[in-house]
Amino acid sequence: MESILHNLGLGFEVALQPINIMWIVIGGLLGTIIGMLPGLGPATGVAVLIPLTYGMNPATALITMAAVYYGAMFGGSRASIMINTPGDASAIVSCFDGYPMAKSGRAGSALATSAIASFIGGIVGMAFLVFFTAPVADLALKFGPAEKFSLMLFALTATITLSEGSVLKGFIAMAFGFMLATIGIDGQSGAIRFTMGIESLQDGIDFLVIMIGFYAIAEVFKNLSSLDVRYDVDSKSIGRVWMSGEDFKRSLMPMLRGGPLGFFVGVLPGAGGTIATFLSYAIEKSVSKRPKEFGKGAIEGLAGPESANNACSCGALVPLLTLGIPGSGTSAVMLGALMMLGVRPGPVLFEMHPEIAWGVIASMLAGNIILLFINLPLAVPLVQLLKTPQRIMLPLIVGMAYMGTYFLNYSSFDFVLVSISALAGYMLSKLEIPIPPLVLALILGGMTEQSFRNALTIANGSPAIFVTQPISLGFLVLAAISLVYALKRHRKLMQMI
Amino acid sequence: MTKNLTAGILALILGIAYLVGTFMVPVYEAGDQVGPRAFPFLVSAIAIVSGAALIAKDLRAAERPAFSWGFSANRGVWLRILAVMALGIVYGLVLDWLGYPIATFFFMIGISELINDGRHLQNLAMAAIFSVVTFVVFSLILNLSLPRGILGDILPF
C-alpha cells in the first residue's frame with residue numbers, strides 16, 4: 001500500500017507538470033471531437049494524432065495519447081444522443097436511451113448524464129488501475145518463454161473470440177497479421193524471409209504504418225460513400241446541460257456498477273467498450289424496477305454503459321502497461337507509438353521508467369476532471385461540430401495520416417505501404433474480417449515467434465514445455481475456454497437485451 | 001460468390017503462397033535449432049485450415065447472400081480510393097524534393113478536390129492553411145525535422 005502511494009505520488013509529480021496538463025487538455029479536447037464524429041473512434045483519433053507526440057518525451061507522449069483515448073470515450077456518445085449515430089461501436093448502446101431522451105426534450109440531461117457517468121467510470125477505472133497494475137507487473141516478471149508464448153496465444157485467442165464477427169475470420173485475420181510480422185530478416189538466424197526481393201522490406205514492416213492505413217485512411221475510405229450526409233442538430237432544444245436530483249439518484253448506482261464491470265471487461269484482450277456497454281445495459285435492465293422504460297429514454301440505460309465505457313479504457317491499459325500486450329485497437333496504436341519513442345511497455349516499464357507508467361495513471365485522474373469541465377459547459381458548442389461536413393473532415397484526416405506516416409521513418413516507401421494497407425483495411429472490412437486480431441498478431445508476431453522458439457530450444461524441441469509449466473498451461477486453458485465461450489456468446493447477449 | 005466464400009478463398013490463396021514462401025526461406029547452420037521456418041509453417045497452416053473451414057461452412061449454409069465488391073455500382077468510391085492512394089504515393093516521392101510546405105499544399109489540393117469536389121476556393125484555402133499550420137506546429141513548435149526542398153534558404157526561419 002505504501003509503495004502504491006509512493007508511486008502514485010511520483011506519478012502526480014509527472015502528471016501535474018504544466019506541459020503535461022496542457023497536453024491533457026489538448027489531447028482530451030481533440031479526442032472528444034474525433035470520438036464524437038460518426039464513424040471515427042478512439043483508434044482513429046490516436047492514429048491521426050500520433051504526429052503530435054513525436055517531439056515529446058515518452059511520459060508526455062503516453063499521457064497525451066491516453067487523454068485522446070478517454071477524450072474519445074467521452075465524446076463518442078455525443079453523436080449517439082443527438083443524432084442517433086454512434087461515434088464508434090462502443091457508443092451504440094448510448095443510442096438506445098440517449099436518443100429517446102433527446103427526442104423527448106431531455107437532451108441537456110442526457111449529455112450531462114453521459115459526461116458525469118463517463119467521469120465516474122473513469123475515476124473508478126483509475127482506482128482499480130492503481131491497485132492492479134503493480135501486482136500484475138510483478139507476476140509478469142517471472143514469466144519465461146513458455147509462459148510468454150502461451151500468454152500471447154491467449155491474448156490473440158481472446159481478441160478473436162471477444163471481437164465482433166466470425167471466429168474463423170478472426171483466425172484468418174490473425175494469420176494475416178503473423179504473415180506481415182514475419183517479413184524481413186529473422187532476428188535469430190539471420191535468414192531473409194518473405195521480402196520478395198524488395199530491399200526496403202528487409203528491416204520488416206513498421207506496424208504503425210499499417211495501423212495508420214487501417215485505422216485512419218481506411219476509415220476515410222469507408223466514409224466516401226456517405227459524403228453528403230448532413231446531420232441536423234438542433235442546439236436550441238438541448239436546454240440546460242445538467243442532471244436533476246432525481247436523475248442523479250436514478251443514475252448513481254448504474255454508474256457505480258458500470259465502472260468495475262467496464263474495467264474488468266477492458267482488461268480482457270479484445271473485449272473492449274462494445275461488450276462492456278452491452279453487458280452494463282443488460283445488467284441495468286435486469287435489475288431495474290422499470291425495465292419497460294428501457295429503449296424509451298431510461299436514464300439508467302445511458303448512465304451505466306457510459307460509466308462502463310470509460311472504465312473500460314482504463315482496464316485496457318492494464319495489459320498494455322504491465323504485459324506489453326494491447327487490449328484494444330486503440331492501445332495497440334499507443335503501443336506502436338511508444339515503441340517508436342524507444343519505450344517498450346511491459347513489466348520492466350514499472351522498474352525502469354516508473355515515472356512513465358505511474359505518470360499516465362495519475363494523469364487519468366486529472367484528465368477525467370478536466371474532461372468533465374470541458375464536456376459540461378462546452379457540450380452545446382461541441383455538438384455543433386457534428387454539423388461539420390464530411391467533405392471537410394475527411395481530407396484533413398487523410399492529410400494528417402500521410403504526414404504521420406512520413407514522420408515515422410522519413411521514407412517514401414512507407415507511403416506505398418500505408419496506401420496499400422489502407423486499401424487492404426477497406427477490403428477486409430468489406431469481407432467482415434476483423435482488424436483487431438490482425439493488428440495484435442502483427443504487433444506480437446515477433447515476440448510470439450521468439451518465445452515459441454526459445455521455449456522449444458530450452459525443452460530440446462519438445463512442445464510438452466507449454467503444458468508442463470503451470471502458468472503456461474493456465475493460459476492455454478483460458479484460451480480454450482474463450483473459444484468455447486465464443487460459440488455461445490452472441491446468442492446469449494442478444495437474449496439478455 | 002458470398003462474403004464468406006471470398007474471404008475463405010483469399011485466406012487459402014495467401015496461406016498457400018505463404019507456405020511456398022516458407023519453403024524458400026534459407027536455413028543456416030547457425031542460429032537456434034527450431035529454425036526460421038517452423039513458425040511460418042504454423043501460420044500457413046492456420047490460414048489454410050481456417051480458409052478451408054470457412055469455405056466448407058459457406059457451402060453448407062442454408063442462406064448464401066451474394067457479395068459484390070461494388071466496382072461498378074460504387075465506381076465513384078473506388079476511383080476516389082485509387083486516386084487517394086496514387087496521390088499519397090506521389091506525395092511521398094516528391095516530398096523531399098519539393099519540400100514539405102509546397103508538396104503538402106499540392107497534395108491537400110488534390111485530396112480535397114477528390115473528396116470536396118467543385119469547391120475550388122474552399123479547397124485552396126484548406127490546403128494552404130493545412131500546410132502552413134502543420135509546418136509551423138511540427139517544424140517550429142515541436143522541432144521535428146521537415147524537408148524544405150526547393151524553398152531551401154528562402155524561408156526566413
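With 13 C-beta neighbours inside 10 Å, Ile129(B) counts as partly exposed; the cut-offs are 20 or more other C-beta atoms within 10 Å of its own for a buried residue, 12 or fewer for an exposed one, and anything in between for a partly exposed one, with C-beta atoms placed from the backbone. The model is predicted, so local features need pLDDT of at least 70 and side-chain atom pairs count only at pLDDT 80 or more, while totals for chains, interfaces and linings use all residues. Residues are numbered from 1 along each chain as its sequence is written, with chains lettered from A and ligands numbered from 1 in the order in which they are written.

Ile129(B) sits in helix H5 of chain B; helices (H or I, at least four residues) and strands (E, at least two) are DSSP runs, numbered from the N terminus. In sequence Ile129(B) is 24 residues from Phe105(B), and their C-alpha atoms are 8.6 Å apart in space. Phe105(B) itself is one of the buried residues of H4(B).

That helix, H4 (residues 100-115) of chain B, has 16 residues and reaches 22 Å from its first C-alpha to its last, close to the 22 Å expected at 1.5 Å a residue (the expected span being 1.5 Å times one less than the number of residues). Most of H4(B) is covered, with 12 of its 16 residues buried; among them are Tyr100(B), Phe107(B), Met108(B) and Ile115(B). The cover comes from both chains: it includes H18 of chain A, along with helix H3 (75-98) and helix H5 (120-141) of chain B.

The buried residues of H1(B) include Ala11(B), Gly15(B) and Tyr18(B), and the buried set packs against H8 of chain A together with helix H2 (38-60) of chain B. Chain B as a whole is divided into domain 1 (3-60) and domain 2 (75-154), with bounds from an automatic or database domain assignment. The C-alpha centres of these two domains of chain B lie 39 Å apart.

Chain A has 22 helices and two strands. Its radius of gyration, taken over C-alpha atoms, is 22 Å, close to the 23 Å that the globule rule (2.2 Å times the number of residues to the power 0.38) gives for 497 residues, so chain A is as compact as a globular protein of that length. The C-alpha trace of chain A spans about 70 × 50 × 45 Å along its principal axes, and 63% of its 497 residues count as buried.

Where the chains meet, the contact (C-beta atoms, placed from the backbone, within 7 Å) takes 53 residues from chain A and 54 from chain B. Helices H8 (167-181), H18 (390-409), H19 (413-430) and H20 (435-458) of chain A each supply at least two residues of the chain A side, and H18(A) gives the largest share, 11 residues.

The largest nonpolar core has 212 residues, of which Ala175(A) and Met211(A) touch the most other members; such a core is a set of buried Ala, Val, Leu, Ile, Met, Phe, Trp, Tyr and Cys residues joined through C-beta atoms within 7 Å. At least three of its residues come from each of domain 1 (3-60) and domain 2 (75-154) of chain B. Neighbours within four places in sequence aside, Ala175(A) is in contact with Ala11(B), Gly15(B), Val43(B), Ile46(B), Ala47(B) and Ser50(B).

Conventions: Contact = placed C-beta atoms within 7 Å.
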